[in-house]
Amino acid sequence: MTQQLLMIEDDTRLAGMVGEYLRQSGYGFTHAATGASGLEALQASRPDLVILDLMLPDMDGLEVCRRIKAQGSESAHTAVLMLTAKGDPMDRIVGLEIGADDYLPKPFEPRELLARIRAVLRRGGDSGGAAAAGSHKVMRFGSLEIDRDARTVTVSGAPCELTSYQFDLLVALSERAGRVLSRDQIMEAVRGRELEAFDRSIDVHMGRIRSAIETDAKDPKRILTVRGVGYVFAKQQD
């Protein structure tokens, strides 16, 4: 079945070029020029991924992302790839904090957009990325359970809300429990590409994962920071 993409972008010329390229690459494509019409299209078409510009005429793209992720239905699990202004890391950080799966600064090459879309959708699939690695379907660390097949995380039976990318980050860390990993190594394990220079988005994702799985995110016991190096996932947990 053809995977469906929705682009929320007020630059109709750009959307037209992107749409033609993505259709030629085998995807279904729908375009909305405003945040309001994009949210309506989301309800009508249930796309697999939303390409979301943060600069929209009627509402902030971050607000659109927040509404997508807060809907409490299938739409809340729709992947979101943000288009951000080049050199503006704050929008990227805020977007990742509210649930976006990835971002791409403007201007961008269509091939890179396609590669990002494929990576995000692959991470959300049953056979994608780090989720397919390893022989055991469920990993248990004390009260924490990570189910690779179901792509779910629970602590003492209570579900933890993570984006697809954050789930894969957690799997990458847990599969290497006890090993100190640099940010580059973690991102390479999940994305299959080197970390962009000066990109600190990994820290934002780690903060979100800690908020979901730790009893006290400010005093973490599961994912520990090793100053000047990176992170380590604790082998022994409560």
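Reader: Which backbone nitrogen lies 3.5 Å from a polar atom of the side chain of Asp 101?
Author: It is the backbone nitrogen of Ser 164. Please keep in mind that this is a predicted model.

Reader: Okay, and where is Asp 101 in the chain?
Author: Asp 101 sits in the loop that joins helix H4 (89–97) to strand S5 (102–106).

Reader: Is Asp 101 buried or exposed?
Author: Asp 101 counts as buried, because its relative accessibility is 3%, and the cut-off for buried is under 20%.

Reader: What does Asp 101 touch?
Author: Leaving aside residues up to four places away in sequence, Asp 101 touches Lys 69, Thr 78, Ala 79, Val 80, Val 120, Arg 123, Thr 163, Ser 164 and Tyr 165.

Reader: What holds strands together in general?
Author: Strands of a sheet pair through backbone hydrogen bonds, and the pairing is either parallel or antiparallel.

Reader: How many bridges join S10 to S12?
Author: There are three bridges between S10 and strand S12 (residues 230–233). In these two strands, Val 180 has Val 232 as its bridge partner, and Ser 182 stands opposite Gly 230.

Reader: And how many join S11 to S12?
Author: Four bridges join S11 to S12. Ile 223, for instance, has Phe 233 of S12 as its bridge partner. S11 and S12 also form a hairpin with three residues between them, and Gly 228 in the turn has a positive phi of about 80°.

Reader: Back to the helices. At what angle do H6 and H8 pack?
Author: The angle is about 85°, and the axes are 10 Å apart. That makes H6 roughly perpendicular to H8, because angles of 65 to 115 degrees count as such.

Reader: Which residues make that contact?
Author: H6 contributes Tyr 165, Gln 166, Leu 169, Leu 170 and Leu 173, while H8 contributes Ile 202, His 205, Met 206, Arg 208, Ile 209 and Ile 213. By type, the residues of this contact are eight nonpolar, two polar and one charged.

Reader: New topic: where is the cis peptide bond?
Author: The peptide bond from Lys 106 to Pro 107 is cis, with omega near -10°. Pro 107 lies in the loop between S5 and helix H5 (110–124).

Reader: What is phi for Arg 46 and Arg 151?
Author: For Arg 46, phi is near 50°, a positive value in a residue other than glycine. For Arg 151, phi is near 55°, again a positive value in a residue other than glycine.

Reader: Are they buried or exposed?
Author: Arg 46 is partly exposed, with a relative accessible area of 38%. Arg 151 counts as buried, at 17% relative accessibility.

Definitions and conventions
Residues are numbered from 1 along each chain as its sequence is written. This is a predicted model: local features need pLDDT of at least 70, side-chain atom pairs count only at pLDDT 80 or more; totals for chains, interfaces and linings use all residues. Side-chain values use heavy atoms; hydrogens and water are left out. Buried means under 20% relative accessible area, exposed over 50%, partly exposed in between (1.4 Å probe, protein chains only). A polar contact is a pair of N or O atoms within 3.5 Å; within protein, one must be able to donate a hydrogen and the other to accept it, and residues adjacent in sequence count only if both atoms are side-chain atoms. Contact means heavy atoms within 4.5 Å. Two strands pair if DSSP finds at least two bridges between them. Axes are lines fitted to C-alpha atoms, for helices over the stretch in contact, and angles run from 0 to 180 degrees between N-to-C directions. Angles under 35 degrees count as roughly parallel, over 145 as roughly antiparallel, 65 to 115 as roughly perpendicular and the rest as oblique. Ala, Val, Leu, Ile, Met, Phe, Trp, Tyr, Cys and Pro count as nonpolar, Asp, Glu, Lys and Arg as charged, and the others, Gly among them, as polar.
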